[in-house]
Amino acid sequence: MSTKAHADHDHHDHKPTGIKRWLFSTNHKDIGTMYLVFSLIMFFIGGSMAMIIRAELFQPGLQFVDPQFYNSMVTVHALVMIFGAIMPAGVGLANWMIPIMIGAPDMALPRMNNMSFWIMPFAFALLLGTFFMEGGAPAGGWTMYPPLVLQTGKAFPFLIFAVHFLGISSIMGAINIIATVFNMRAPGMTLMRLPLFVWTWVITAFLLIASMPVLAGAVTMLLTDKYFGTSFFNAAGGGDPVLFQHIFWFFGHPEVYILILPAFGIISQIIPTFARKPLFGYASMVYATASIAILSFFVWAHHMFTVGLPINGELFFMYATMLIAVPTGVKVFNWVATMWKGAMTFETPMLFALAFVILFTIGGFSGLMLGITPVDFQYHDTYFVVAHFHYVLLTGAVFALMASAYYWLPKWTGHMYDEKLAKIHFWLSAIFANVLFFPQHFLGLAGMPRRIPDYSVQFADFNMVSSLGGFAYGISQLLFVYIVIKCVLGGKKATGQVWEGARGLEWTLSSPPPYHSFTKSPKVTKALMDY
Amino acid sequence: MIKIGGIKRTTVLLTLLTVVMFGFGYALVPLYDVFCEVTGLNGKTARIYGKEASKLVVDKERFVTIQFDSNINGNLAWKLKADQKFLKANPGKFYVATYTVENMINEEIVGQAIPSVTPQIASLYLKKAECFCFKSQVLKPGEKKKLTVRFEIDKDIPKDVESLTLSYTFFRALKDKKRVS
Ligand code: HEM
Ligand SMILES: [Cu+2]
């Protein structure tokens, strides 16, 4: 097995150079870096689409794009952000950090690691290429509901195969992560000593393996419905379009936790560091994460309250949805309790983490509102839903990713980033993300539907505010790119420890860590995590 | 501490789990159908066969109003009309309702009617002995045709269901050769 080969010859720190180093890389750090860079690029591609959406919504009426193109912007924006930006960023962090957090020389399956990365650019070439096809890019929404999605033009099979490839890539990544954590921990690194980031990723990986194949099945059924005469979702042939929604959301709700659990892990690393206290309630954090993951398979129909479920179904899914708020509440409580009486400092990672705790919780509350069946009949398919999922995804997942980038950049590059600029980036992001998304709550409550390029005039003011916030947020992210590049090129030398309050194996290595991380297994003791 | 054998085993097990979950996605289809059949969700109507039909007892005390509705799916150039707006039915007795369908264009078309009943719970108790929806219908260019459905309302239909709607939607049949997807 290649891991063994690695372990044998990694004394001489040799590595391939040039393009080959990246194309054929089996090194967890190089692959992690590629994932992270890729996800940043996708973040900007998806972001440009969001700019087009907000430009069109700046005023009522149709100004810039035709409705069909608007719809494909909404559709592809979501697909790019979910599958191209947030998920690969999580996998990139896992690649970089998990081996050095558990004291392993590399990932368990380095060759598969290389493949799972290189599938991604290929899949997105398929997806983004559809913009140049007859009939345009997919425009039926990222949720791909039939029968609408079956009206997609030449792009249809490309959409389906892109989803297939992305699924395969993330399942391979997930298998790799579980195999690594289960089989390559350093002596003394017991399961209940694992850093929380590792724990949340193991659980995320199980979610991926359990849910992505179901999505693959659903889109395959769409494909055969369109081209091979099956009628899974075709009423004329005895099928039922609502069935698709059940299958899709059986995947879809676990998917939203795939996006957020690694973020929970990141925050659980950062807050103790800057509060200089061990994480409050470590074991309860692990159990809360696991229960969230299990529950996430029993709440899917809260996305479908309005399709005509029987009353008992509506009630079951309402109560199950409310139940998820309990372990989520445990987590938020533990984060706050960790800070309680801590010696806190407010470097940029901590600022993003604090903003995460507050803003993610706001998103959780709007989620609770949506989970109440009778009121969801009003909120469903309005901007209230858009506000909800952007609070949990942008000020939630993306803020956590930003926090992690600042937290680990010194470890990755060996240089400190520019703290002053980073703080400016934080404040711009935090302020304008709220200007962007908070008014959308009001728009939704007032009845503005989502996925529509035009709206009636009473929604004009809040939309203009939201668009201005959007442009400002978008532009501020360029600052992030500048800060990252500046940090890669140079800056104050970072020590191995980097942050005074940081604990864990990764901080015992130099910054940047050697090409092959732990050539000899470190001994892990309880003292490693003590303050 | 690298457990090479462990890595192999974990990988194989997880790959297996992936395959199982892919299968589970497909298993949801029959599960859903069974679930709908048992609960009457989906509004798919029930059937009644000879043996059961001969044992029916008519409940003269009770009337259930049945309203008839008709729809044509997007890409089918037909016209469908119920010949009666509604019908008052005693549970346990057979009734015949008719529809008129007409092909509006100069082309032979195969259509398939899909029934649906609301409230959904009532679909379990509307039992058909004969229906034009049991097989597809072929209409010659411009042809007009009477369609019949023979059914009874089961005597166990919940007391609070005083009226129900039987709706048909005609789709262009899947086996119609010139069907545009
Ligand atoms: C307390 C936890 C949460 C609850 C109770 C909750 C509840 C809901 C409900 C009921 C809906 C459906 C609204 C509708 O369409 O009418 C919804 C939509 C959504 N939620 Fe959440 N949610 C929670 C957390 C999250 C998290 C953590 C994420 C992602 C990180 C998330 C992402 C989404 C997305 C993306 C949608 C919209 C899907 C779509 O229709 O396109 N939610 N949520
Ligand atoms: Cu959900």
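## Where the two chains meet

In this predicted model, 31 residues of chain B are in contact with 44 residues of chain A, contact being heavy atoms within 4.5 Å. The size of an interface is often given as the accessible area lost when the parts come together. Here chain B and chain A bury about 3,100 Å² between them, with 72% of it on carbon and sulfur atoms; that is the accessible area (1.4 Å probe) the two parts lose on being put together, summed over both.

What about charge pairing and polar links? Polar contacts do turn up: four residue pairs between chain B and chain A, both residues at pLDDT 80 or more. The test is a pair of N or O atoms within 3.5 Å; within protein, one must be able to donate a hydrogen and the other to accept it, and residues adjacent in sequence count only if both atoms are side-chain atoms.

## Chain B's side

Helix 1 (4-39), strand 6 (109-118) and strand 10 (163-172) of chain B each put at least two residues on the side that touches chain A. Helix 1 of chain B gives the largest share, 17 residues. Helices (H or I, at least four residues) and strands (E, at least two) are DSSP runs, numbered from the N terminus.

By residue type, this side of chain B splits into 17 nonpolar, 10 polar and four charged. Ala, Val, Leu, Ile, Met, Phe, Trp, Tyr, Cys and Pro count as nonpolar, Asp, Glu, Lys and Arg as charged, and the others, Gly among them, as polar.

## A loop residue in chain A

A:Ser231 sits in the loop between helix 7 (196-227) and helix 8 (241-275) of chain A. A:Ser231 counts as buried because its relative accessibility is 17%, and buried means under 20% relative accessible area (1.4 Å probe, protein chains only). Beyond its neighbours within four places in sequence, A:Ser231 is in contact with residues including A:Asp225 and B:Leu174.

## Around ligand 1

Ligand 1 is surrounded by 22 residues, each with a heavy atom within 4 Å of it. Helix 11 (348-371) of chain A gives the most to this shell, six residues.

A polar side-chain atom of A:Asp376 lies 2.6 Å from an oxygen atom of ligand 1. For A:His388, a side-chain N or O atom is 2.9 Å from a nitrogen atom of the ligand.

## Conventions

Residues are numbered from 1 along each chain as its sequence is written, while chains are lettered from A and ligands numbered from 1 in the order in which they are written. Local features need pLDDT of at least 70, side-chain atom pairs count only at pLDDT 80 or more, and totals for chains, interfaces and linings use all residues, with side-chain values using heavy atoms and leaving out hydrogens and water.

Definitions and conventions: Buried < 20%, exposed > 50% of the residue type's maximum accessible area, 1.4 Å probe, protein only.
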